[in-house]
Amino acid sequence: SLVNQFVEFLPKLIAYLILFLIIGSSIISLTSKGISRYDALKNHWDEIKYYIDGKTKIKACSNQSGNCYYVDADISNGVIERIYFSNGGYLNFDAEIESDGSAYDYDENGNGWDFELDLGSSLVEDAVYDWASDNGYTIY
């Protein structure tokens with residue numbers, strides 16, 4: 001009967017599936033390099049920073065007033081380009097983000113600003129995974 005044939009074939013089917021999984025995982029491990037998120041950021045920041053694009057919250061501190069703000073920021077290719085204040089105002093910058101998440105630049109009025117991007121943010125996380133994917137790495 002059909003049920004008996006299936007029962008007889010089941011061990012072969014399981015063996016084929018196991019073999020397929022072993023071969024498939026071997027191919028994946030041969031074609032991709034594993035790296036930790038920490039090592040990726042530490043050793044490949046100069047490449048990864050260009051993948052940081054979007055809007056996120058950062059800490060912005062005015063050197064003139066000494067005040068710090070948590071503001072939305074537009075970031076493109078690892079550069080803070082604009083910060084937005086809660087009162088509707090904004091300032092433009094060209095602040096390149098360093099490997100520790102810090103950046104520094106002057107606003108249009110010549111006032112210095114320190115910035116801090118959380119390297120655990122989803123924007124950085126996405127950048128790490130996009131860089132890894134484009135460069136044959138698997139993040140573990």
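Tutor: Start with one term: buried means under 20% relative accessible area, exposed means over 50%, and partly exposed is in between, with a 1.4 Å probe and protein chains only. This is a predicted model, where local features need pLDDT of at least 70, side-chain atom pairs count only at pLDDT 80 or more, and totals for chains, interfaces and linings use all residues. Residues are numbered from 1 along each chain as its sequence is written, and side-chain values use heavy atoms, with hydrogens and water left out.

Student: Okay. Is Lys49 buried or exposed?

Tutor: Lys49 is buried, because its relative accessible area is 7%.

Student: Where does Lys49 lie?

Tutor: In the loop between helix H2 (37-48) and strand E2 (54-62). Helices (H or I, at least four residues) and strands (E, at least two) are DSSP runs, numbered from the N terminus.

Student: What is Lys49 in contact with, leaving aside its neighbours within four places in sequence?

Tutor: With those neighbours set aside, Lys49 touches Asn77, Gly78, Glu96 and Ile97. Contact here means heavy atoms within 4.5 Å.

Student: Which side chains meet Lys49 in a salt bridge?

Tutor: One is Asp46, at 3.6 Å from N to O. Another is Glu96, at 2.4 Å from N to O. The rule asks for a side-chain nitrogen of Lys or Arg within 4 Å of a carboxyl oxygen of Asp or Glu.

Student: Why does the Glu96 and Lys49 pair tie together separate parts?

Tutor: Because Glu96 lies in strand E5 and Lys49 in the loop between H2 and E2, the pair joins parts 47 residues apart in sequence. Glu96 is partly exposed, at 37% relative accessible area. Asp46 is exposed, at 55%. Together, Asp46, Lys49 and Glu96 are linked in a network of salt bridges.

Student: How many salt bridges does the count come to?

Tutor: The count is 5. Lys55 and Asp74 make one of them, with their closest N and O atoms 3.8 Å apart. That pair links distant parts of the chain: Lys55 is in strand E2, Asp74 is in strand E3, and they are 19 residues apart. Asp74 is partly exposed, with 21% relative accessible area.

Student: New topic. Which ring does Lys55 lie over?

Tutor: Lys55 lies over the face of Tyr84, 4.2 Å from the ring centre. A charge sits over a ring if NZ of Lys or CZ of Arg is within 6 Å of the ring centre and within 35 degrees of the ring normal. The charged end of Lys33 sits over the ring of Tyr137, 4.4 Å from its centre.

Student: How many aromatic pairs does the structure hold?

Tutor: There are 9. Tyr84 and Tyr90 form a tilted one, 6.4 Å centre to centre with 50° between the planes. Rings of Phe, Tyr and Trp (its six-membered ring) pair if their centres lie within 6.5 Å; planes under 30 degrees apart count as stacked, over 60 as edge-to-face and the rest as tilted. Tyr84 is partly exposed at 25% relative accessible area. Tyr90 is partly exposed too, at 44%.

Student: Why is the pair of Trp131 and Tyr137 stacked?

Tutor: Their ring centres are 4.8 Å apart and their planes are at 20°, so the pair is stacked. Trp131 is buried, at 1% relative accessibility.

Student: Which residues form one aromatic cluster?

Tutor: Tyr69, Phe85, Phe93, Trp113 and Phe115.

Student: And how many residues has the largest nonpolar core?

Tutor: It has 30 residues, and those with the most contacts inside it are Ile52, Ile58, Ile75, Ile80, Ile83, Trp113 and Phe115. H3 gives the largest share of this core, 6 residues. A nonpolar core is a set of buried Ala, Val, Leu, Ile, Met, Phe, Trp, Tyr and Cys residues joined through side-chain atoms within 4.5 Å.

Student: Last one. Is Asp105 buried or exposed?

Tutor: Asp105 is buried, with a relative accessible area of 17%. Asp105 is found in strand E6 (residues 102-106). A polar atom of the Asp105 side chain lies 2.7 Å from the backbone nitrogen of Asp94. Asp105 and Phe115 are 10 residues apart in sequence, and their C-alpha atoms are 8.4 Å apart in space.

Methods: A polar contact is a pair of N or O atoms within 3.5 Å; within protein, one must be able to donate a hydrogen and the other to accept it, and residues adjacent in sequence count only if both atoms are side-chain atoms.
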